[in-house]
Amino acid sequence: MNAMPFGPSENPELRNRLVSRREQLRDEISAALRSSGDAENATLAGHVHDLGEESLADLLADVRLAGIARDVQEVRDIEAALQRMQAGTYGVCTDCGKLISLARLHVYPTAKRCRPCQETREKTRKVAHTGTI
Ligand SMILES: [Zn+2]
């Protein structure tokens, strides 16, 4: 195994993927807002690309448009991941504090948890959801 020259927070490839995915989502969201036929949404669409360091998810927090709910959630996850990169905590599991495997981060660049913790969480949620146990 080669020693890694940088930690996950400094990984340029993951960072680029997060940033370009956010750009793509911006385009989709702004197109959806524009085509919604709502004047207020259309105005918002004009701001989507003007954002500097402002949070796109915050801007859209009050928008109730079913078609973009998923995209907005993804943008929120991406912005959170980029913030963790800035803080140097990206790639560290929020539950157990261990490093999330790079392989997992390449599949899920916004992952907050390592796989074992995520699986535990999903199991717990499923049980809570169905209420069978
Ligand atoms: Zn964990």
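Helix axes are lines fitted to C-alpha atoms over the stretch in contact, and the angles between their N-to-C directions run from 0 to 180 degrees. The structure described here is a predicted model, in which local features need pLDDT of at least 70 and side-chain atom pairs count only at pLDDT 80 or more, whereas totals for chains, interfaces and linings use all residues. Residues are numbered from 1 along each chain as its sequence is written.

Helices here are DSSP runs (H or I, at least four residues), numbered from the N terminus. Helix α1 and helix α2 (residues 39-48) pack at an angle of about 160°, and their axes are 7 Å apart. Because angles over 145 degrees count as roughly antiparallel, α1 is roughly antiparallel to α2. In this pair, contact (C-beta atoms, placed from the backbone, within 7 Å) involves Arg26, Ile29, Ser30, Leu33 and Arg34 of α1, together with Asn41, Ala42, Leu44, Ala45 and Val48 of α2.

The largest nonpolar core contains 16 residues. Such a core is a set of buried Ala, Val, Leu, Ile, Met, Phe, Trp, Tyr and Cys residues joined through C-beta atoms within 7 Å; a residue is buried if 20 or more other C-beta atoms lie within 10 Å of its own, exposed if 12 or fewer, and partly exposed in between. Among those with the most contacts inside the core are Leu18, Ile29 and Ile78. At least two of its residues come from each of α1 (12-34) and α4 (66-87).

Ser101 is found in the loop between α4 and α5 (102-107). Ser101 counts as partly exposed because it has 14 C-beta neighbours inside 10 Å.

Note on methods:
Parallel < 35°, antiparallel > 145°, perpendicular 65-115°, else oblique. Contact = placed C-beta atoms within 7 Å.
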